[in-house]
Amino acid sequence: MSTADAQAAGATPEPVGARGPSAARARLLRTASELFYADGVRAVGVDRVIAEAGVTRATFYRHFPGKEALVVAYLDATDRAVRAAVGDVPQDAAAAGEWLTGMTLRVADELCRPGFRGCPFINAAAEFPDPGSPVRRVVRAHRDWLQDAATRALRAGGHPDPHEGGRRWTALRDGAMVAGYLDDADAARATLRDAVEDLVRAR
């Protein structure tokens with residue numbers, strides 16, 4: 001999974017209330033995640049999500065005030081699933097390099113997965129142009145975390161310029177996400193893997 005950035009269909013919805021997640025809310029979020037990733041956020045209406053999730057309109061609005069809130073929940077669940085999958089950045093130099101390589105390989109493996117349609121965060125940002133919207137704020141938070149995690153891993157590994165290295169890692173990851181969807185996924189995977197190996201080895 002990509003971090004990478006990963007696909008939202010398998011993300012675990014957040015709990016609702018002290019008694020845990022509502023089954024209807026979880027079904028709505030899972031259905032929306034699959035549809036939003038496959039067909040695009042703007043192309044999928046609330047009515048379709050309600051119909052495919054098998055809930056009533058009243059149930060939908062009991063859990064989400066509107067479609068934008070559902071999109072935010074979808075992206076937030078994806079973000080939390082990615083963070084949980086990769087774990088924390090180790091402090092040991094060798095382990096930090098292995099961590100960043102491992103996170104990169106998760107991204108690379110996503111590129112060759114059947115049904116891959118690119119990064120859900122990049123896709124959502126393209127459909128919500130207002131940088132101040134709640135959707136773009138979730139996208140920004142995820143991307144800030146990604147770059148910060150790469151920067152911290154490179155710093156722990158002894159990279160001479162971890163801030164620049166973190167920016168380069170993010171650019172490499174973004175490019176691979178787009179190339180993996182539009183071009184040769186195997187070539188994009190190999191290029192990303194080799195470029196990040198060079199980045200991690202820089203001294």
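Here is a walk through this protein chain, from its core out to its loops. Keep in mind that what you're looking at is a predicted model.

Let's start on the inside. In soluble globular proteins, nonpolar side chains tend to be buried together. In this model, the largest nonpolar core has 54 residues. Among its members, Phe36, Leu70, Leu75, Trp99, Leu100 and Trp169 touch the most other members. Where do the core residues come from? At least two each are supplied by α1 (23-39), α2 (46-53), α4 (67-86), α5, α6 (120-127), α7 (134-156), α8 (162-182) and α9. The largest share belongs to α7, which brings nine residues.

Leaving aside residues up to four places away in sequence, Leu70 touches Leu28, Leu29, Ala32, Phe36, Val49, Phe60 and Phe64.

Next, find α5 (residues 93-111) and α9 (residues 185-201). How do these two helices pack? Their axes are 9 Å apart and meet at an angle of about 170 degrees. Anything over 145 degrees counts as roughly antiparallel, so α5 and α9 are roughly antiparallel to each other. On the α5 side, the contact is made by Gly97, Leu100, Thr101, Thr104, Leu105, Val107, Ala108, Asp109 and Leu111. From α9 come Ala185, Ala188, Arg189, Leu192, Arg193, Val196 and Val200. Sort the residues of this contact by class and you get 10 nonpolar, three polar and three charged.

Finally, take a look at two loops. Gly115 is in the loop between α5 and α6. Is Gly115 buried or exposed? Its relative accessibility is 54%, so Gly115 counts as exposed. Along the sequence, Gly115 is 77 residues from Ala38, but in space their C-alpha atoms are 7.5 Å apart. Pro160 sits in the loop between α7 and α8. With 57% relative accessibility, Pro160 counts as exposed too.

How values were computed: Residues are numbered from 1 along each chain as its sequence is written. This is a predicted model: local features need pLDDT of at least 70, side-chain atom pairs count only at pLDDT 80 or more; totals for chains, interfaces and linings use all residues. Side-chain values use heavy atoms; hydrogens and water are left out. Axes are lines fitted to C-alpha atoms, for helices over the stretch in contact, and angles run from 0 to 180 degrees between N-to-C directions. Helices (H or I, at least four residues) and strands (E, at least two) are DSSP runs, numbered from the N terminus. Angles under 35 degrees count as roughly parallel, over 145 as roughly antiparallel, 65 to 115 as roughly perpendicular and the rest as oblique. Contact means heavy atoms within 4.5 Å. Ala, Val, Leu, Ile, Met, Phe, Trp, Tyr, Cys and Pro count as nonpolar, Asp, Glu, Lys and Arg as charged, and the others, Gly among them, as polar. A nonpolar core is a set of buried Ala, Val, Leu, Ile, Met, Phe, Trp, Tyr and Cys residues joined through side-chain atoms within 4.5 Å. Buried means under 20% relative accessible area, exposed over 50%, partly exposed in between (1.4 Å probe, protein chains only).
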